[in-house]
Structure formats: C-alpha cells, structure tokens
Amino acid sequence: MSLSVLDAIAARRSIRKYTEEPVDVQQLETLLAAALQSPSACNDQPWHFTVVQSRKFMDDVSAEASKISGRDLGDVFYAAPLAIFISYVADSHWGFLDSGIAVQNIALAATGLGLGSVILGFPEYAFKGPRGSFFEEQLGFPPGHRFAVAIAIGHPARSKPAHEQKSGLVSYLV
Ligand SMILES: Cc1cc2nc3c(=O)[nH]c(=O)nc-3n(C[C@H](O)[C@H](O)[C@H](O)COP(=O)(O)O)c2cc1C
C-alpha cells in the first residue's frame, strides 16, 4: 500500500465517476484481504463478501432500487467496474456494525491503492422488495444472511474536496 493509514483516511472521498479501467486481480485481492482483516465483535466474522463485476446485475439492482424506493436513483453503482456486497448473519447482534467496519477497511485500502470508492446504502432497497431473495441468491449470500452495505470501486475519473465537517461533534469529559 502506497499511503500511510492517516494519509489514506485524509485522502478518501466518495467517488461517483469512474474511468473504464478495470480493477486488476492483485488490487482486488488486496481489497478482500483488507476486508477479511477487519475486527469484529468476539471475532465472529459474521460477514460474507460478494464481488460483482456484472454490469447486467448492477443495472438490475439499480432499477429495482428505484422501483422500490419510489424515486429515480439512477445507476446506484455510478458505472463502477466493480462492487463488493457485504452481507451478515441476520441475527448477529454486532453484524451490521462489523460490516460497516469492514466496508471502511475496503474504502481505505482502495484509497491506498490509488482507487476510488463509494460506500452504498441505496442497493438495500432492492432487497426490500419481492425480488429480494432473487438478488440474495444471485449474490450467493449464505443462508440466514442479510444485506448490510455495498461499495463501488474503480479508477476515479474526477477528484473531490473533502466534505465539510459539522461543528460541535466532539465533547471531552476530563
Ligand atoms: C453507510 C453509508 C451509506 C452510503 N450510501 C450511499 C449511497 O447509496 N450512494 C451514494 O452516492 N453515497 C453513499 N454514501 C456516501 C456518503 O454520501 C458520503 O460518505 C458522504 O456524503 C461524505 O462524503 P465523503 O465520503 O466524500 O467524505 C454512503 C455512505 C455511508 C457511510
């Protein structure tokens, strides 16, 4: 990885435009290694990662997400060449949080590799509708798993300033 952890934290942005260049196999392996090294409550590792490179599947999820949400969400993957879906053991108390930690590990690893990414909640709509179990099956979610979050990854086609930070978000008790 080329950037220090602090540099990667500072440089990460949600990227919503990608070039057509694919994420190569070595990069993908690095991203998955970062995901699998994430901490989890009681080391349960209650997650499953599904790598998606099928544009057809991503378009299907996007269309369904718009349908179920009742608004036009467009391509919720922003034409990224790759998405990783994270599912977790539905009755795991910390599984959703653990999945959030894992997705941030992926995002920071992507930044470290010079890739862009955006964490995605919108695909969740597709799992809420009547075709939810079809999507779960296509993605190979293990039995009893539920969608947590996804992340789109690719080579960034544009840069972005850091988000503005709200004030008053830190307190001290000494
Ligand atoms: C749990 C979560 C879900 C998100 N879902 C989406 C999404 O579905 N679509 C999207 O464009 N951005 C999504 N984002 C990205 C946020 O909009 C983004 O992190 C925020 O605006 C701050 O910008 P930054 O990531 O560039 O700092 C999501 C972020 C998180 C943490």
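## Ile86 and its surroundings in a predicted model

Ile86 touches Trp47, Phe49, Ser99, Ala102, Val103, Ala148, Val149 and Ala150, leaving aside residues up to four places away in sequence.

Ile86 belongs to the largest nonpolar core, which has 45 residues, and it is listed with Ala83, Ile106, Ile151, Ala152 and Ile153 as the members that touch the most other members. Several elements supply at least two residues each to this core, namely helix H2 (25-36), helix H3 (55-69), strand S2 (82-89), helix H4 (95-112), S3, helix H5 (124-128), helix H6 (132-139) and S4.

### The sheet

Four strands form an open sheet in the order S1-S2-S4-S3, and their pairing is antiparallel. At the edges stand strand S1 (47-52) and strand S3 (116-120), each of which pairs on one side only. On average, and with direction ignored, neighbouring strands of this sheet are turned by 20 degrees against each other. In general, the strands of a sheet pair through backbone hydrogen bonds, and this pairing may be either parallel or antiparallel.

Although S3 pairs on one side only, it is mostly covered, with four of its five residues buried.

Gly116 lies in strand S3 and counts as buried because 27 C-beta neighbours are found inside 10 Å. Setting aside residues up to four places away in sequence, Gly116 touches Ile15, Tyr18, Ala110, Gly154, His155 and Pro156. The C-alpha atoms of Gly116 and Gly95 are separated by 25 Å, the two residues being 21 residues apart along the chain.

| Helix | Length | Reach | Expected reach |
|---|---|---|---|
| H3 | 15 residues | 21 Å | 21 Å |
| H4 | 18 residues | 26 Å | 26 Å |

In H3, the buried residues are Met58, Val61, Ser62, Glu64 and Ala65, and the buried residues of this helix pack against S1, S2, H5 and H6. Just after H3, Gly70 takes a positive phi of about 80 degrees.

Just after H4, Gly114 has a positive phi of about 85 degrees.

How do H2 and H4 pack, at what angle and with their axes how far apart? The angle between H2 and H4 is about 145 degrees, and their axes are 8 Å apart; the crossing of these helices is right-handed. At this crossing, Thr30, Leu31, Ala34 and Ala35 in H2 meet Ala102, Asn105, Ile106, Ala109 and Ala110 in H4.

### Two loop residues with a positive phi

Cys42 has a positive phi of about 55 degrees although it is not a glycine, and its place is in the loop between H2 and S1. Cys42 is exposed, because 10 other C-beta atoms lie within 10 Å.

Ala79, also not a glycine, has a positive phi of about 55 degrees and is found in the loop between H3 and S2. Ala79 counts as partly exposed, because it has 16 C-beta neighbours inside 10 Å.

Definitions and conventions: Residues are numbered from 1 along each chain as its sequence is written. This is a predicted model: local features need pLDDT of at least 70, side-chain atom pairs count only at pLDDT 80 or more; totals for chains, interfaces and linings use all residues. Two strands pair if DSSP finds at least two bridges between them. Axes are lines fitted to C-alpha atoms, for helices over the stretch in contact, and angles run from 0 to 180 degrees between N-to-C directions. A nonpolar core is a set of buried Ala, Val, Leu, Ile, Met, Phe, Trp, Tyr and Cys residues joined through C-beta atoms within 7 Å. A residue is buried if 20 or more other C-beta atoms lie within 10 Å of its own, exposed if 12 or fewer, and partly exposed in between; C-beta atoms are placed from the backbone. Two residues are in contact if their C-beta atoms, placed from the backbone, lie within 7 Å. The expected span of a helix is 1.5 Å times one less than its number of residues. A crossing is left-handed if the near helix is turned anticlockwise from the far one by less than a right angle, and right-handed if clockwise.
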